[in-house]
Amino acid sequence: MYFLKERKIEVIYSDNNFAKSNLLHEMTHHATNSTLDNVPRWLSEGLADYANFRSGKVIAGQVFPEMLKRIEKAFSDNTFINLEKLTANDDTFLNKESERLAYSESWSLVHYLVASQKLPKYMERFKQGFNKFFNVNII
């Protein structure tokens, strides 16, 4: 699965649900970048994982046990990526050793920001843009 800035998305999967989930993830990046300016990587990835496809439906805010387990393990192993490092640049996403944890922490941070209503105007713009872009109502 690749998201290309030329507005092309290439999908090659045999598992239809996995393909739909990944396609939605990549299209969420496109909708986010088309709706908002200068979106940092952690927020782009967190939003793309926040909106997901499960059981034939677009679901926003679903909790993923595997991501929670990864975060819990990072806390217990003292390998958790602190917020300053996670949000400073893309390095944690580009490093194979920290990439999965960076995605999990970004997803978790977006969940926190949505649940605590820390980004109400930002999230409202995102929801409106996402719903218009996909012609759905995710939230």
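Is Ser 98 buried or exposed? Buried, with a relative accessible area of 15%. The cut-offs: buried is under 20% relative accessible area, exposed is over 50%, partly exposed is in between, with a 1.4 Å probe and protein chains only.

Some ground rules. This is a predicted model, where local features need pLDDT of at least 70, side-chain atom pairs count only at pLDDT 80 or more, and totals for chains, interfaces and linings use all residues. Residues are numbered from 1 along each chain as its sequence is written, and side-chain values use heavy atoms, with hydrogens and water left out.

Back to Ser 98. It sits in the loop between helix H5 (91-94) and H6. Helices here are DSSP runs of H or I, at least four residues, numbered from the N terminus. Setting aside neighbours within four places in sequence, Ser 98 contacts Ile 81, Asp 91 and Thr 92. Contact means heavy atoms within 4.5 Å.

Now another loop residue, Asn 78. It lies between H3 and helix H4 (83-88). Asn 78 is not a glycine, yet its phi is positive, about 60°. Asn 78 is exposed, with a relative accessible area of 70%.

Next, the core. A nonpolar core is a set of buried Ala, Val, Leu, Ile, Met, Phe, Trp, Tyr and Cys residues joined through side-chain atoms within 4.5 Å. The largest one has 20 residues, and Trp 42, Leu 43, Leu 86, Phe 93 and Val 110 touch the most other members. Helix H2 (41-50), helix H3 (65-77) and helix H6 (99-115) each give two or more residues to this core. H6 gives the most, with seven. Take Trp 42: not counting residues up to four places away in sequence, Trp 42 touches Leu 86, Thr 87, Phe 93, Ser 106, Leu 109, Val 110 and Leu 113.

On to helix packing. How do H3 and H6 pack? At an angle of about 110°, with axes 9 Å apart. Axes are lines fitted to C-alpha atoms, over the stretch in contact for helices, and angles run from 0 to 180 degrees between N-to-C directions. H3 and H6 are therefore roughly perpendicular, a label that covers 65 to 115 degrees. From H3, Met 67, Leu 68, Arg 70, Ile 71 and Ala 74 meet Arg 100, Leu 101, Ser 104, Glu 105, Trp 107 and Ser 108 in H6.

Last, helix H1 (residues 16-35). Its end C-alpha atoms are 28 Å apart, which agrees with the 28 Å that 20 residues should span at 1.5 Å a residue. That expected span is 1.5 Å times one less than the number of residues. Buried residues in H1 include His 25, His 29 and His 30.

Methods. Angles under 35 degrees count as roughly parallel, over 145 as roughly antiparallel, 65 to 115 as roughly perpendicular and the rest as oblique.
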